[in-house]
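Let's take a walk through this one, from the overall build down to a handful of individual residues. Have the model open and follow along.

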Amino acid sequence: MLCFESDYMLGAHPAVLEALIRTNMEPATGYGADPFCASAAEKIRAACACPEADVRFLVGGTQTNAVVIDAMLAPWQGVIAAETGHVAVHEAGAIEATGHKVLALPGHAGKLDPAELRAWLARFFADANREHMVAPGLVYLSHPTEYGTLYTRAELTAVAAACREYGLVLFLDGARLGYGLMSPASDMTLPDVAALCDVFTIGGTKVGALCGEAVVFPRGNTPPHFLTQMKRHGALLAKGRLLGVQFDALFTDGLYFRIAKNAADTAEQLHSLLKEKGYEFYIDSPTNQQFVILDNDKLPTIEEHVAFSRFEPYGETRTVVRFATSWATRPEDVEALAAIL
């Protein structure tokens with residue numbers, strides 16, 4: 001069975017497992033105050049070119065989004081996201097459960113349009129009745145988006161400028177950040193992200209770790225009592241070393257970026273092979289998520305050989321499916337998938 005269902009279906013990169021085994025019998029302080037987390041944070045600061053950054057480690061993506069958004073917002077504030085954004089669709093109301101409304105704006109291939117965002121903010125703050133409404137306090141972006149698309153540096157700069165003008169926090173969900181940065185279509189670097197965002201995450205779960213997300217406050221702008229907020233959300237891991245060791249391995253000698261590039265390379269290979277075979281793409285994704293439109297009557301046969309995601313219906317007789325490459329996808333896996341299709 002070929003696995004293209006998602007980018008977190010395998011365990012972890014061997015270097016991560018080796019680091020966990022090597023450090024296993026070393027005692028360390030709990031709750032992220034261990035030397036492994038400290039080392040990982042220092043390496044992430046260097047990769048971001050942000051010596052003042054505060055780096056925290058949490059377990060999973062939804063948990064991280066809920067903790068960060070709740071910690072950054074006042075009780076009367078909500079979070080702006082594209083209507084297709086992860087916090088708006090696929091997190092089971094986790095943000096709303098913290099008491100913060102998701103304010104959904106139109107998505108364009110998964111992205112917020114900077115001009116539409118600015119116009120929406122202008123209308124809100126000009127509304128004489130705004131005290132009776134949920135106030136926007138944070139803009140949520142995912143990069144890559146749920147459709148595998150990328151913000152350009154110019155687009156992210158424009159969103160950041162709108163946030164600064166209206167006093168909003170800019171939060172970038174980087175659960176797949178490595179795959180976005182290493183895409184041949186990307187014109188951004190990790191220091192670019194750090195310079196433009198108020199807070200962002202570097203995903204490990206999908207990029208070579210067993211689990212874990214690094215939260216980066218690039219200018220040391222961590223909200224007060226963030227550790228306490230983590231604890232209140234059940235997100236403070238006693239054996240925080242588990243996360244520190246993994247990120248320390250991922251950010252040693254550029255491993256994170258090297259394995260992320262593998263996903264980009266194999267996705268490009270898959271895109272080329274499918275295009276040669278005449279398959280119709282739902283969206284032109286330059287990252288590790290490739291979206292193809294398939295006939296419904298063909299899906300059961302393909303599923304006998306390949307694990308993939310049924311993403312959404314496309315009319316009455318076809319479905320948009322997603323094939324996701326990862327840090328571990330091999331060129332021969334892509335060739336085998338193309339042959340089956």
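**Overall build**

With 341 residues, a compact globule would have a radius of gyration near 20 Å, and this chain has 20 Å, which agrees. That radius is taken over C-alpha atoms, and the globule rule is 2.2 Å times the number of residues to the power 0.38. Keep in mind that this is a predicted model: local features need pLDDT of at least 70, side-chain atom pairs count only at pLDDT 80 or more, and totals for chains, interfaces and linings use all residues. Residues are numbered from 1 along each chain as its sequence is written, and side-chain values use heavy atoms, with hydrogens and water left out.

Along its principal axes, the C-alpha trace spans about 60 × 55 × 35 Å. You'll find 14 helices and 13 strands in the chain; these are DSSP runs numbered from the N terminus, with helices being H or I of at least four residues and strands E of at least two. Contact here means heavy atoms within 4.5 Å. Among contacts between residues at least 6 apart in sequence, 73% join residues at least 24 apart.

**Inside, outside and charge**

Of the 341 residues, 53% count as buried. Buried means under 20% relative accessible area, exposed means over 50%, and partly exposed is in between (1.4 Å probe, protein chains only). The chain exposes about 14,600 Å², with carbon and sulfur atoms supplying 54% of it; the areas come from the Shrake-Rupley method with a 1.4 Å probe.

As for charge, the mean positions of the 27 positive and 40 negative charges are 4 Å apart. Lys and Arg count as positive, Asp and Glu as negative, while His and the chain ends are not counted. Each charge is placed at NZ of Lys, CZ of Arg, CG of Asp or CD of Glu.

For Cys50, the nearest cysteine sulfur is that of Cys48, 5.6 Å away. Cys50 is buried, at 11% relative accessible area. Cys211 counts as buried too, at 18%.

Most residues other than glycine have a negative phi, and most peptide bonds are trans. Now look at the loop between helix 2 (35-48) and strand 2 (54-58), where Ala49 sits with a positive phi, near 55 degrees. Ala49 counts as exposed, at 52% relative accessibility. Ala92 also has phi near 55 degrees; find Ala92 in the loop between helix 4 (86-89) and helix 5 (94-97), exposed at 80%.

The peptide bond from His143 to Pro144 is cis, with omega near 0 degrees. Pro144 belongs to the loop between strand 5 (135-142) and helix 7 (153-166).

**Two loops to finish**

Met182 is in the loop between helix 8 (177-181) and helix 9 (190-196), partly exposed at 26% relative accessibility. Leaving aside neighbours within four places in sequence, Met182 contacts Phe257, Ala260, Lys261 and Ala264. Met182 and Ala263 are 81 residues apart in sequence, yet their C-alpha atoms are 8.6 Å apart.

Ala263 turns up again beside Ser326: not counting residues up to four places away in sequence, Ser326 touches Asp7, Tyr179, Asn262, Ala263 and Thr266. Ser326 lies in the loop between strand 13 (318-324) and helix 14 (331-340), and is buried at 7% relative accessible area.

How values were computed. A disulfide is a pair of cysteine sulfur atoms within 2.5 Å.
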